[in-house]
Amino acid sequence: MPTVTFYLLAEQAAAPQPELADAPARFIQAARLCADLYRQNQWVFVFCQNQADAETLDEVLWRFDPDRFVPHNLAGEGPSRGAPVEISCQPPRSSRAVLVNLSDNVPPFAARYQQVIEFVPADDDGKQLAREKFKVYRQAGQAPQTVQL
């Protein structure tokens, strides 16, 4: 069973650099976590709600702090085994240790991962979606943790 962690996002999060000021808070935080996980030699799959979100996160990672560059690619691009961080709105084709879920639902393949990362946005709609996902994990026998950012 994976370890599931919900990160509570602040109402107004400052972008780490001016070129990311227009990026959604959960994408910035996902980029930070991907950078940290990459430095821990973890291979990460980021599951997005749609292709537009996948491309947005890809762009955030390209514009992210150059000192914390994260080798990443959209699924189907890049090296044959993929980069350490793979981004897609389609189910994964390969096995990785960490799932960062940016979709609105718990993906059916979440149980295959050692660690699952979720985000709780500050807005009411986002909080409600996170509550629903939290319930799904609990019903599956997991004990999700919450972390305040």
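Is V70 buried or exposed? I started my notebook with that residue. V70 turns out to be buried, with a relative accessible area of 1%. I keep in mind that the model is predicted.

**Entry 1: V70 and its surroundings**

I looked up where V70 sits. V70 belongs to the loop between helix 2 (51-63) and strand 3 (72-74). Next I asked which residues V70 is in contact with, leaving aside its neighbours within four places in sequence. I found C34, A35, Y38, L61 and V85. Buried here means under 20% relative accessible area, so V70, at 1%, counts as buried. I also checked a distance from V70 to N41. Their C-alpha atoms are separated by 11 Å, and the two residues are 29 residues apart along the chain.

**Entry 2: the whole fold**

I counted three helices and seven strands in the secondary structure. Reading from the N terminus, I noted the order β-α-β-α-β-β-β-β-α-β. The radius of gyration is 14 Å, close to the 15 Å that the globule rule gives for 149 residues, so the protein is as compact as a globular protein of that length. Along its principal axes, the C-alpha trace spans about 40 × 35 × 25 Å.

How much of the protein do buried residues make up? I read off 46% of the 149 residues. Residues 24 or more positions apart account for 67% of them.

**Entry 3: surface and charge**

The protein exposes about 7900 Å². Carbon and sulfur atoms supply 48% of that area. For charges, I noted 14 positive and 18 negative ones. Their mean positions are 8 Å apart.

**Entry 4: N41**

N41 is in the loop between helix 1 and strand 2. What is the phi of N41? I found a positive value of about 60 degrees, although N41 is not a glycine. I also checked its cover. N41 is exposed, with a relative accessible area of 66%.

**Entry 5: aromatic rings**

How many aromatic pairs does the structure hold? I recorded eight. I picked out F45 and F109, one of these pairs. A pair of aromatic rings is described by the distance of the centres and the angle of the planes. For F45 and F109 I noted 6.2 Å centre to centre and 75 degrees between the planes, which is edge-to-face. F45 lies in strand 2 (residues 44-48), and F109 in the loop between strand 5 (98-102) and strand 6 (115-120), so the pair ties together parts that are 64 residues apart in sequence. I checked burial for both. F45 is buried, and F109 is buried too. I then looked for a wider group. F45, F47, F109 and Y113 form one aromatic cluster.

**Entry 6: L33 in helix 1**

I moved on to helix 1 (residues 25-39), where L33 has its place. L33 is buried, at a relative accessible area of 10%. Leaving aside neighbours within four places in sequence, I found L33 in contact with Y7, I117 and F119. I compared L33 with V147, which is 114 residues away along the chain. Their C-alpha atoms are separated by 13 Å.

**Entry 7: L9**

F119 came up again when I looked at L9. L9 lies in the loop between strand 1 (3-8) and helix 1. I read a relative accessibility of 11%, and L9 counts as buried. Not counting residues up to four places away in sequence, L9 touches A25, R26, Q29, F119, V120, P121, A122 and L149.

**Entry 8: G82**

My last stop was G82. I located G82 in the loop between strand 3 and strand 4 (85-88). G82 is buried, with a relative accessible area of 10%. Which residues does G82 touch, not counting residues up to four places away in sequence? I listed W43, N73 and R96. Finally I checked G82 against P71. They are 11 residues apart in sequence and 9.4 Å apart in space, C-alpha to C-alpha.

Technical notes:
Residues numbered from 1 in each chain as written. Predicted model: local features only at pLDDT ≥ 70, side-chain atom pairs only at ≥ 80, totals over all residues. Heavy atoms only, no water. Helix = DSSP H or I, 4+ residues; strand = E, 2+ residues; numbered from the N terminus. Rg over C-alpha atoms; globule rule 2.2 N^0.38 Å. Buried < 20%, exposed > 50% of the residue type's maximum accessible area, 1.4 Å probe, protein only. Contact = heavy atoms within 4.5 Å. Areas by Shrake-Rupley, 256 points an atom, 1.4 Å probe, with all protein chains shown as cover. Lys, Arg positive; Asp, Glu negative; His and termini not counted. Charge placed at Lys NZ, Arg CZ, Asp CG, Glu CD. Phe/Tyr/Trp six-rings, centres within 6.5 Å; stacked < 30°, edge-to-face > 60°.
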